[in-house]
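Hi,

Here is the structure I promised to pass on. Please look it over, then read the notes below it.

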Protein chains: 2
Amino acid sequence: MPSSRIDPASDRSVYRQIADILRGKIESRELPPGGQLPSESSIVADYEVSRVTARRALSVLVTEGLVTAEHGRGWFVRRQPPVRRLSSDRFARRKEGKAAFTVDMEANKRAFAVDVLYIGRGAVPAGAAEKLGLDADAEVIIRRRRYLAEGQPIEYATSYIPLDIADGTPIAEPNSGPGGIYARMEDQGFVFERYDEEITARMPSEEEARILTLPVATPVLHLVRTAVASGRPVEVCDTVMDAAAFVLFYSLPAR
Amino acid sequence: MPSSRIDPASDRSVYRQIADILRGKIESRELPPGGQLPSESSIVADYEVSRVTARRALSVLVTEGLVTAEHGRGWFVRRQPPVRRLSSDRFARRKEGKAAFTVDMEANKRAFAVDVLYIGRGAVPAGAAEKLGLDADAEVIIRRRRYLAEGQPIEYATSYIPLDIADGTPIAEPNSGPGGIYARMEDQGFVFERYDEEITARMPSEEEARILTLPVATPVLHLVRTAVASGRPVEVCDTVMDAAAFVLFYSLPAR
DNA sequence: AAGTGGTCTAGACCACGTT
DNA sequence: ACGTGGTCTAGACCACTTT
């Protein structure tokens, strides 16, 4: 009888005790990913609490990112997205006419897909303008796409490329050809020198949560990469990733 | 009269409408960081809702990381912690007898402090054992400390160093001497080759939230660094950071 | 129709902080 | 003593999903 494990006189509030019990069952896999939790009414009956208290216990687990509710169906343990490992040599490995993302996903043996959301001209945002050395009101080629792994959206990326490099070239087209946009820049004679990456983590905006179909209480990794070739910044790529789906690797030489 | 802005017949629930209004005041700085929100009872009066609904509105803002409650005092807009920028050359800059953290904080012109939480022998955790090439039941020297910037805890770091390197040396002492533990390893003849870093972001555990005094719904950056010197891993450093307090920089050569 | 979650109310008692 | 947030109850009505 589960209610025997609840101590109303405890310092720990009843809703937290119920959350602890459910969390334990999730961690022990007694409730596996995708599995259904007891309904609110059965929690009310089992633990002899009000419905508000039962829901409060569940909301603790929502905040921890462990469970989600489906209206009319029930409460379920969240499935973890497949993890993608991004190595710092992912651009060095860009070979054989394949884009970095493709190389990376093949290295991880994952089924993947790309949604093209927008490709064309647009105004450059302030941060990217500064990094590209452009005026605040400049136009650039914008490439916005969403990456999916095994059907789940995991990454939302926007590239900004100066018009003098991209306009009228395959870089401004949905299909930029073998090797991706970096290969097209190399075709133009650009020699890549380095990629500067800036990483933060935060909670997603409402729009980001919608695009990545993130439940509440799941953070994102935000990576802004500036590609530098032949002495000038040639691309700023702003990437928002479902944090649960990524591990980033960097190897730094000591000297 | 604020209640005029609430439409009970709207598709958007009452508690979300109240949360929207309060969020707007926070974003517009009408309610500045550190400022006090209206009390629950005044929300009840102003918007003519029950206390449960008022609290639900506030809990939305808690989940978004915008506000916190202080028992007996009221609801307050969260202060953002000072941001610390971590460059990928932070170890290369380790010079003049100063530890990396010190160099880094001075470069950022921040007041900082270090709490030493534990220094001594202990069992190596599984992940660190694998990275160090040790048996799962091996003992290591553990250095656990907490870093504060301008009084706020922002980082919680634990280093694991094999006994044959650290035991009986200043590395196993609270004060490891000028230049920190890496300088002591260099004294022993180790030549540093590289630092491998593995970055993830996630919600903190309850313990991590307590140590970093994080409110709920604020993510952490988790960085695991393996230092490699003279052909062997000499330290694994596991760092949990308040994500709001950090920007990580990496510069990757293209070839 | 029955079961599930989503929203909301009116009230109660307790614990913390300030006056 | 008073105002603040923290926890909890018993009930209501609605919307969505499944049978």
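**The interface of chain B and chain A**

Across the interface of chain B and chain A, the rule finds 0 salt bridges. This is a predicted model, so please read everything here with that in mind.

What does the interface have in place of that? Between chain B and chain A there are 10 residue pairs in polar contact, with both residues at pLDDT 80 or more. On the chain B side, strand 7 (192-202) and strand 10 (246-253) each supply at least two residues that touch chain A. Strand 7 of chain B gives the most to that side, with 11 residues. By class, the side of chain B that touches chain A has 20 nonpolar, 3 polar and 10 charged residues.

**Extent**

The contact takes 33 residues from chain B and 33 residues from chain A. Which residues of chain B lose the most area to chain A? They are Tyr250(B), Leu252(B) and Ala254(B). Together they account for 21% of what the chain B side buries. The two chains bury about 3,000 Å² between them. Of that area, 57% is on carbon and sulfur atoms.

**Strand pairing between the chains**

Strand 7 of chain A (residues 192-202) pairs with strand 10 of chain B. The two run antiparallel, and 6 bridges join them. One residue pair to look up in the viewer: Arg194(A) has Pro253(B), in strand 10 of chain B, as its bridge partner.

**Symmetry**

How is chain B laid on chain A? A turn of 180° and a shift of 0.5 Å along the axis do it, with an RMSD of 0.5 Å. That is the relation of a two-fold axis. The interface residues tell a matching story. Of those in chain B, 97% are also interface residues in chain A, so the copies meet through the same surface.

**Salt bridges elsewhere**

Side chains of opposite charge can pair when their charged atoms come close. Over all chains, the structure holds 28 salt bridges. One of them joins the side chains of Glu40(B) and Arg55(B), at 2.7 Å, N to O. This pair links distant parts of the chain, 15 residues apart. Glu40(B) is in helix 2 of chain B (residues 40-47). Arg55(B) is in helix 3 of chain B (residues 51-63).

Best wishes

How values were computed. Residues numbered from 1 in each chain as written. Chains lettered and ligands numbered in written order. Predicted model: local features only at pLDDT ≥ 70, side-chain atom pairs only at ≥ 80, totals over all residues. Heavy atoms only, no water. Contact = heavy atoms within 4.5 Å. Buried area = accessible area lost by both parts, 1.4 Å probe. Salt bridge = Lys/Arg side-chain N within 4 Å of Asp/Glu carboxyl O. Polar contact = N/O pair within 3.5 Å; in protein donor to acceptor, adjacent residues only side chain to side chain. Helix = DSSP H or I, 4+ residues; strand = E, 2+ residues; numbered from the N terminus. Nonpolar A, V, L, I, M, F, W, Y, C, P; charged D, E, K, R; others polar. Pairing = 2+ DSSP bridges. Least-squares fit on C-alpha atoms with pLDDT ≥ 70 in both.
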